[in-house]
Amino acid sequence: MRIDVVSIFPEYLAPLELSLIGKARQDGLLELNVHDLRTFTTDKHRTVDDTPYGGGAGMVMKPEPWAQALESVAAAREGSKPVLIVPSPAGEKFNQALAYELAEEEQLVFACGRYEGIDERVIDWAQEHFTVRPVSLGDYVLNGGEVAVLAMVEAIGRLLPGVVGNPESLVEESHSDGLLEYPVYTKPSAWREHDVPPILLSGNHGKIAQWRRHEQFRRTAERRPDLMEGFDAGVLSRADRTAL
Ligand code: 6GU
């Protein structure tokens, strides 16, 4: 996969050189390029923003540098268009299903807005060259798209083939089956008056699987009741009805 990120703060994306994603880049599993929007300006002051038409607070990102930047990063190829992700609190909500969907793409481009956002005509114009998706991390406001890109690139990048050493660990984690993950424990079995649940020391793998499934449902119902709506008792497996 190829990822291009356009930002006025390219240094903000430095953490993508670390850990799993940094390793994936070194191993050639992921090609990731960060571009400074200001290099696509033509005036002496390298201006990227201006006052909003219609008035109001703050500044709006000018269309010209964005068009130059996006034209330069769109990989020329026949067939499908690259996906342009525009991080915005006004976008569709990012989740694990969208991460899986985007992990299938050949090229992702992230356009990091700052200030009050990017001139809307950039979004309209870009539809000719990209599949455009405004995406939000959740219902709160960040100062710009960069932190959201860190989160999305990590969530997507770890799903690429070969990035996570043991693909089994992708199957057992939170949200992979619509439920939160069960709690985990390691040695020592007794610690500061807190014991590991005895079932986990029993060696009974059937009982352990059933206990873990039960914990998934219990946690999800308590912390994320909204996720439980997807679990209709009528469509649950017999094992799940037992675990409930
Ligand atoms: Cl993706 N961008 C910005 N700027 N703020 C956000 C967000 C994204 N998601 C939640 N808040």
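The model is predicted: local features need pLDDT of at least 70, side-chain atom pairs count only at pLDDT 80 or more, and totals for chains, interfaces and linings use all residues. Residues are numbered from 1 along each chain as its sequence is written. The protein chain is assigned domain 1 (2-157) and domain 2 (174-243), with bounds taken from an automatic or database domain assignment. The C-alpha centres of domain 1 and domain 2 are 37 Å apart.

**Sheet**

- Five strands make an open, parallel sheet in the order β2-β1-β6-β5-β7.
- β2 (31-36) and β7 are the edge strands, each with a single partner, so one side of each has no neighbour in the sheet.
- From one strand to the next, the twist averages 30 degrees.
- Strands are DSSP runs of E with at least two residues, helices are runs of H or I with at least four, and both are numbered from the N terminus.
- Two strands pair if DSSP finds at least two bridges between them.

**Strand β6**

- β6 (residues 107-111) is largely enclosed by the rest of the structure, because four of its five residues are buried.
- Buried means 20 or more other C-beta atoms within 10 Å of the residue's own; exposed means 12 or fewer, and partly exposed lies in between, with C-beta atoms placed from the backbone.
- Strand β1 (residues 2-7) pairs with β6 in the parallel sense over five bridges.
- Arg2 stands opposite Gln107 in β6, and Ile3 stands opposite Leu108.
- β5 also pairs with β6 in the parallel sense, over three bridges; here Leu84 stands opposite Val109.

**Val73 in helix α2**

- Val73 belongs to helix α2 (residues 63-73).
- Val73 counts as buried because it has 22 C-beta neighbours inside 10 Å.
- Leaving aside residues up to four places away in sequence, Val73 touches Asp4, Val6, His35 and Val109.
- Contact means that the two C-beta atoms, placed from the backbone, lie within 7 Å.
- Pro63 is ten residues from Val73 along the chain, and their C-alpha atoms are separated by 16 Å.

**Ligand shell**

- Of the 13 residues around the ligand, Pro87, Pro89, Leu137, Leu142 and Ala148 come nearest.
- A residue is near if its C-beta atom, placed from the backbone, lies within 6 Å of the molecule or strand.
- β5 (83-93) and β7 (131-136) each supply at least two shell residues.
- The largest share, three residues, comes from β5.
- The shell holds eight nonpolar residues, five polar and no charged.
- Nonpolar covers Ala, Val, Leu, Ile, Met, Phe, Trp, Tyr, Cys and Pro; charged covers Asp, Glu, Lys and Arg; the others, Gly among them, are polar.

Note on methods:
Axes are lines fitted to C-alpha atoms, for helices over the stretch in contact, and angles run from 0 to 180 degrees between N-to-C directions.
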